[in-house]
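Hi everyone, thanks for coming along. Today I'd like to walk you through the nonpolar packing and the aromatic pairs in one model.

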Amino acid sequence: MSASAVFILDVKGKPLISRNYKGDVPMSKIEHFMPLLVQREEEGALTPLLSYGEVHFLWIKHSNLYLVATTLKNANASLVYSFLYKTVEVFCEYFKELEEESIRDNFVIVYELLDELMDFGFPQTTDSKILQEYITQQSNKLETGKSRVPPTVTNAVSWRSEGIKYKKNEVFIDVIESVNLLVNANGSVLLSEIVGTIKLKVFLSGMPELRLGLNDRVLFELTGLSGSKNKSVELEDVKFHQCVRLSRFDNDRTISFIPPDGDFELMSYRLSTQVKPLIWIESVIEKFSHSRVEIMVKAKGQFKKQSVANGVEISVPVPSDADSPRFKTSVGSAKYVPEKNVVIWSIKSFPGGKEYLMRAHFGLPSVEKEEVEGRPPIGVKFEIPYFTVSGIQVRYMKIIEKSGYQALPWVRYITQSGDYQLRTS
């Protein structure tokens, strides 16, 4: 059993629009949702599932709206929540921003979308690219003579239309890795992980089958390729787009798929591996007779010399009562952001192996604060193109299409900072 009805409420709990899918829950029951939510909020016991008698309200909040699904007894909660978040995603694709005004301005389209998104309480077509083929913002009326349901909905490959043609057939592959790192004041790494995504931009004619080969350790072991010459990585928590044939991957680790047209995320993965800090930070803070403070920050690029980190931003916390900032940097520029109590040192281009210095001088009030302020960690943002921390590589991309055309795959690697923090003593 899934959702009985779906409501979109304003911030006061007044229904803006609703769709009754099963008719087994009276629509008037939604009146109990907001009082229940307010009561739970006051008690400090707010949960994503609220119950009133036999009726359950599964809800999420987005901007100034509540999206609420009602159901009786034992529904598949994870399915309903996935549907609500997917609904938000689809509406954002259509209206750019999902808020009360965009719902009021697009009532007809919202009703049409709610009809197509769910059928008798079960999610149906939730891919916005397919929905946009036959539910348009320009016209709410469908042209006569055309089938209401496009072929993509009934196809085995529902995420791709037939008859796509390009003059130049190309595939762009982006391998993007984010480094999450937390380093203690004594220099020891407390937490490190790599979160990776492989994104594709596909401009291919027809209905091609693509096969992607990575330097996956399990694949190397299966095929006997593991050895000193073949560097491999062990992928964890791998998640795929629905187009990937999972049975094929489970059998022989082949990533085989018929891709959607345009941009999409093919897969994501995680590696809990010990990462050496790519940009190492040392800081010294000196206070002088409670009247001034001097901060010295040294940044070193601990990645290979051929690589360059772009758009580096180092956020250095300063005392909340500091004033009269003065800076001296060996490279880049520094600015004081008083509302966040940080100095941001920006370096446009930071080559591997280089070391830079920044000195900051602040005045402090003559009366010292009695309370001891906890010092937040230093945060670092950066992006390193043509480089991956894990060493993951696209070994090949085969493109098979019955017309036999030649297509060019382009691969780009990017490493960027995720949650990257270094604690100071």
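Let's start with the largest nonpolar core, which has 69 residues. A nonpolar core here is a set of buried Ala, Val, Leu, Ile, Met, Phe, Trp, Tyr and Cys residues joined through side-chain atoms within 4.5 Å, and buried means under 20% relative accessible area with a 1.4 Å probe, protein chains only. Among the residues with the most contacts inside this core are Ile 198, Phe 257 and Ile 314. Strand 8, residues 170-183, gives the most to the core, with six residues; strands are DSSP runs of E, at least two residues, numbered from the N terminus.

A quick word on the source: this is a predicted model, where local features need pLDDT of at least 70 and side-chain atom pairs count only at pLDDT 80 or more, while totals for chains, interfaces and linings use all residues. Residues are numbered from 1 along each chain as its sequence is written, and side-chain values use heavy atoms, leaving out hydrogens and water.

Now the rings: how many aromatic pairs does the structure hold? There are 14, counting Phe, Tyr and Trp (its six-membered ring) with centres within 6.5 Å; planes under 30 degrees apart are stacked, over 60 edge-to-face, and the rest tilted. Tyr 336 and Phe 362 make an edge-to-face pair, 5.1 Å centre to centre with 70° between the planes. Tyr 336 lies in strand 18 (residues 333-337) and Phe 362 in strand 20 (residues 355-363), so this pair ties together parts 26 residues apart in sequence. Both Tyr 336 and Phe 362 are buried. Finally, Phe 33, Phe 57, Trp 59 and Tyr 66 form one aromatic cluster.

Technical notes: Buried means under 20% relative accessible area, exposed over 50%, partly exposed in between (1.4 Å probe, protein chains only). Helices (H or I, at least four residues) and strands (E, at least two) are DSSP runs, numbered from the N terminus.
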